[in-house]
Amino acid sequence: MSSTQGQVIRCKAGKPLVIEEVEVAPPQKMEVRLKILFTSLCHTDVYFWEAKGQTPLFPRIFGHEAGGIVESVGEGVTDLKPGDHVLPVFTGECKECRHCKSAESNMCDLLRINTDRGVMIEDGKTRFSKNGKPIYHFLGTSTFSEYTVVHVGCVAKINPAAPLDKVCVLSCGISTGLGATLNVAKPTKGSTVAIFGLGAVGLAAAEGARIAGASRIIGIDLNPSRFNEAKKFGITEFVNPKDHDKPIQEVLAEMTDGGVDRSVECTGNINAMISAFECVHDGWGVAVLVGVPNKDDAFKTHPVNVLNERTLKGTFFGNYKPRSDIPSVVEKYMNKELELEKFITHQVPFSEINKAFEYMLGGEGLRCMISMEN
Ligand SMILES: NC(=O)c1ccc[n+]([C@@H]2O[C@H](COP(=O)([O-])OP(=O)(O)OC[C@H]3O[C@@H](n4cnc5c(N)ncnc54)[C@H](O)[C@@H]3O)[C@@H](O)[C@H]2O)c1
Ligand SMILES: [Zn+2]
Ligand SMILES: [Zn+2]
C-alpha cells in the first residue's frame, strides 16, 4: 500500500499563462501609465508563478523586467512626461525616506519590494480590471501587459536613444547581478570570485567581477550546458556539484588555497546559499546572496564560520537606486562598457510568452525578449 493512500496529495498543476483583454485605469496621484514595448522573463516571475513564494494572489499580471514609454501621468508627477523612455523597477525610490537619503541603502521605506501587495499604494486598489472585477498587480510593475500603471518612484527615466529591446534587461536581472558584485561584494583587483548559478543574473555578476579585475572567476552550476555560454562572460573555471561527492565548499577551498575572496549566489537554492557562504576564505571573505529563497527555507551554518571573520550580505537589485543610478548603467551600455546582447538568447512575440517560461524551466538560454508589438 502506498504511503499516500487516503491522504490529500499536494502537487504542482502548472497552468500556462493566458492572454486576456483587460481594462487599465488612468494613473492616480504619483502614478504613471506606461506603454510596455518589451519585457523579458526573470526567474522571480517563474518562481511566483509556480507559487513557491508567499500568498498567491489570483488573478494577477506578472512581469517586472521591461522597457517602455510613458503614456500619461497622474497628479503630482513632475519628473516624467508622456513620451519619456523608461525602465520600470520592482523596487522603488521615493527620494525622501531615510533609506533613499542614505548612500548605503536602496531599501526605500515606501516602495521597497513587496511580493504580497497586489494593489497600488495610493488607494489600495488595482488599476487593472476585467468585467468590473479587479486583477492584481505583481511587484508594482505587472509588465506582461501592453499598458500598466506604476508608482513614479519605481520608474527610471533613461536616454531615449537607448534601444529598449536591449536595455530592458537592465530593469532587473543584469543590474541585479552587476550591482551585487560591483556595489556589494566589491572584489579587489586580482581576487578570486565564485559565482553560484550561471543564469542571466549570475553571468551579470561574473561581468561585474571581470570589470573589477578579478583574476579567477569560478562558475558553479548543476546544468552542464551553462558552461559553454559562460565562457563569454569571463568565467575562467567551472565546477558542477554533481561531479563531486563532497560538499562544493570543500572542493572550492581546495581549488583556492582555503577559500575564495568573494562569492555571489544567484540560484535561489538554499543549499547553494549556504555553500556560497561557507566557501569564502576566513579572515576576509565576503558572500552575497541574490537568489530568492523558498517560503520555508532557513539558512543554517555553524556560528564559528562567522566568528572566523567571514561576512554574509544580501541585496535586492544590486543595491542600485532605480531612479538615481539606472540611467548611468544605461549609459555604460551606450558607451560600450557593458554588453547586453549576449544575455538575450531568445526572442518571441507576446502571443508566445509561454515559450519564454519553457526556455527558463528547461534551463535553456538566458533572457527571452518578449515583444509586445509584433
Ligand atoms: N535579489 C534580487 O534583487 C533578484 C533580482 C533578480 C533575480 N533574483 C533571483 O536570482 C536568481 C537567479 O535568477 P535568473 O533569472 O538568473 O535565474 P535562472 O534560472 O536563469 O538561473 C539560475 C541558475 O542557477 C542554477 N542552479 C539552481 N540550483 C543550483 C544549485 N543548487 N547549485 C548551483 N547552481 C544552481 C540553475 O541551473 C540556473 O542555471 C533567482 O533566484 C531569482 O529569483 C533576485
Ligand atoms: Zn527579476
Ligand atoms: Zn524612499
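Reader: Which side chain does S225 make a polar contact with?
Author: With the side chain of N223, at 2.7 Å. Keep in mind throughout that this is a predicted model.

Reader: Where does S225 sit in the chain?
Author: S225 is in the loop between β10 (216-220) and α6 (226-230).

Reader: Buried or exposed, or something in between?
Author: S225 is partly exposed, because its relative accessible area is 47%, and that class lies between 20% and 50%.

Reader: New topic: H85. Which strand is it in?
Author: H85 is in β4, which covers residues 85-88.

Reader: Is H85 buried or exposed, and why?
Author: H85 counts as buried because its relative accessibility is 18%, and the cut-off for buried is under 20%.

Reader: What does H85 touch?
Author: Leaving out residues up to four places away in sequence, H85 touches G68, I69, A156, K157, I158, P160 and L164.

Reader: Now the holes. How do you even look for empty space?
Author: A probe the size of a water molecule is rolled over the atoms, and that shows where empty space is left.

Reader: What is the volume of the largest pocket?
Author: The largest pocket has a volume of about 1,200 Å³.

Reader: And how many residues line that pocket?
Author: There are 49 lining residues in the largest pocket. Nearest its centre are H43, C266, T267, G268 and N269.

Reader: Which helices supply at least two residues of that lining?
Author: Among them are α1 (43-49), α4 (173-185), α5 (200-211), α8 (270-278) and α11 (353-361). The one that gives the most is α8, with four residues.

Reader: What classes do the pocket residues divide into?
Author: The lining of the largest pocket has 24 nonpolar, 19 polar and six charged residues.

Reader: You listed α5. How many of its residues are buried?
Author: Ten of the twelve residues of α5 are buried, so the helix is mostly covered. The buried ones are A200, V201, G202, L203, A204, A205, A206, E207, G208 and A209.

Reader: What do those buried residues pack against?
Author: The buried residues of α5 pack against the helices α4 and α6, and against the strands β9 (192-196), β10, β12 (262-265) and β16 (367-371).

Reader: What span does α5 have, end to end?
Author: From its first C-alpha to its last, α5 reaches 16 Å. That is close to the 16 Å expected at 1.5 Å a residue.

Reader: And what follows α5?
Author: α5 is followed by G213, which has a positive phi near 90°.

Reader: I've seen positive phi elsewhere too. What is the phi of D257?
Author: D257 has a positive phi of about 55°, although D257 is not a glycine. D257 sits in the loop between α7 (248-255) and β12. D257 counts as exposed because its relative accessibility is 69%.

Reader: And E309, where is that?
Author: E309 is in the loop between α9 (303-307) and β14 (311-314). Its phi is positive at about 65°, and E309 is not a glycine either. E309 is exposed, with a relative accessible area of 54%.

Reader: Back to holes. How many cavities of 30 Å³ or more are there?
Author: The search of the whole structure finds two.

Reader: What lines the largest cavity?
Author: The largest cavity is lined by 15 residues, with R117, I121, G140, H151 and C154 nearest its centre. By class, its lining has eight nonpolar, three polar and four charged residues.

Reader: And which residues line the second largest cavity?
Author: Its lining consists of L41, T345, H346, A356, Y359, M360, E364, G365, L366, R367 and C368. Two or more of the lining residues come from each of β15 (344-349), α11 and β16. The largest share, three residues, comes from α11.

Reader: Last one. Which two residues does the cis peptide bond join?
Author: The cis peptide bond joins F58 and P59, with omega about -10°. P59 is in the loop between α1 and β3 (65-73).

Methods
Residues are numbered from 1 along each chain as its sequence is written. Chains are lettered from A and ligands numbered from 1 in the order in which they are written. This is a predicted model: local features need pLDDT of at least 70, side-chain atom pairs count only at pLDDT 80 or more; totals for chains, interfaces and linings use all residues. Side-chain values use heavy atoms; hydrogens and water are left out. Buried means under 20% relative accessible area, exposed over 50%, partly exposed in between (1.4 Å probe, protein chains only). A polar contact is a pair of N or O atoms within 3.5 Å; within protein, one must be able to donate a hydrogen and the other to accept it, and residues adjacent in sequence count only if both atoms are side-chain atoms. On a 1 Å grid over the protein atoms alone, a cavity is a set of points where a 1.4 Å probe fits but cannot get out, and a pocket is an open set with protein on both sides within 12 Å along at least five of seven lines; lining residues have an atom within 4 Å of a point. Grid points are joined across faces, edges and corners, and a volume is the space filled by probe spheres set on the points. Ala, Val, Leu, Ile, Met, Phe, Trp, Tyr, Cys and Pro count as nonpolar, Asp, Glu, Lys and Arg as charged, and the others, Gly among them, as polar. The expected span of a helix is 1.5 Å times one less than its number of residues. Contact means heavy atoms within 4.5 Å.
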